[in-house]
Amino acid sequence: MALIIFLAMSLLLHGALGELVCEQLPVELCSYSIASSGKRCLLENFATKDGKVKYQCKTSEVVVDVMQEWIESDECVSSCGLDRNTVGISSDGLLQPQFLAKLCSDDCYQGCPNIVDLYLNLALAEGVNLSEFCTNPRRALSATSSSGYATPGPVSATDYPAAAPITGDADPACAPSAI
């Protein structure tokens, strides 16, 4: 059923708009989509005058060479271990074994070329070869450690200066940044 709705929305948006424009996508379809221009869509948040946080879809400056007019399926988002409601994007997930296992799974790596392309490029920007991670993680981790790409280790409270307590009233200006 979700696939039918996805395909209908894709055709409706493409037909009605003539082209896929990030700013015209509903926030539920924004993340992991690619505009007709070939630029990635990115979910961002902003504060309204009354202090509430709202979300909007924006066009990033990241250009995809191999795809355009693409709205990622819910199946791919799920099989790759992602959340469509994520604001911004980060390469931090590449250091998390659970995320890498999902990203490198056959369902994701072989079936979701848009997401794989995105994370291949994020990994390359960090000096890491995602293909190597997925085919030989042990060797990739040892090469990564020697290349200077930080691998996570034990952390104690003394590693970081004291911070203000989290109250739940987060400042929207401090939200994760876009790519």
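1. Cys41 has Thr59, in strand S3, as its bridge partner. Strands S2 (residues 39-47) and S3 (residues 53-63) run antiparallel and are joined by eight bridges; two strands pair if DSSP finds at least two bridges between them. Five residues lie between the strands of this hairpin, and Gly51 takes a positive phi near 90° there.

2. A word on the source. This is a predicted model, in which local features need pLDDT of at least 70 and side-chain atom pairs count only at pLDDT 80 or more, while totals for chains, interfaces and linings use all residues. Residues are numbered from 1 along each chain as its sequence is written, and side-chain values use heavy atoms, with hydrogens and water left out.

3. The chain has eight helices and four strands, in the order α-α-β-β-β-β-α-α-α-α-α-α along the sequence. Helices (H or I, at least four residues) and strands (E, at least two) are DSSP runs, numbered from the N terminus.

4. How many cavities of 30 Å³ or more does a search of the whole structure find? The search finds one. A cavity is a set of points on a 1 Å grid over the protein atoms alone where a 1.4 Å probe fits but cannot get out. The largest cavity holds about 110 Å³ of space, a volume being the space filled by probe spheres set on the points, which are joined across faces, edges and corners.

5. Twelve residues line the largest cavity, and Tyr32, Cys41, Leu42, Gly88 and Ile89 lie nearest its centre. Lining residues have an atom within 4 Å of a point. Strand S2 gives the largest share of this lining, four residues. By class, the lining has eight nonpolar, three polar and one charged residues. Ala, Val, Leu, Ile, Met, Phe, Trp, Tyr, Cys and Pro count as nonpolar, Asp, Glu, Lys and Arg as charged, and the others, Gly among them, as polar.

6. Not counting residues up to four places away in sequence, Tyr119 touches Tyr32, Leu82, Ile89, Ser90, Leu94, Phe99, Leu103 and Leu130, where contact means heavy atoms within 4.5 Å. Tyr119 and Ser90 are 29 residues apart in sequence and 9.2 Å apart in space, C-alpha to C-alpha.

7. Of the 179 residues in the chain, 32% are buried.

Technical notes: 1 Å grid on protein atoms, 1.4 Å probe; cavity = no way out; pocket = protein on both sides within 12 Å on 5 of 7 lines; lining within 4 Å. Buried < 20%, exposed > 50% of the residue type's maximum accessible area, 1.4 Å probe, protein only.
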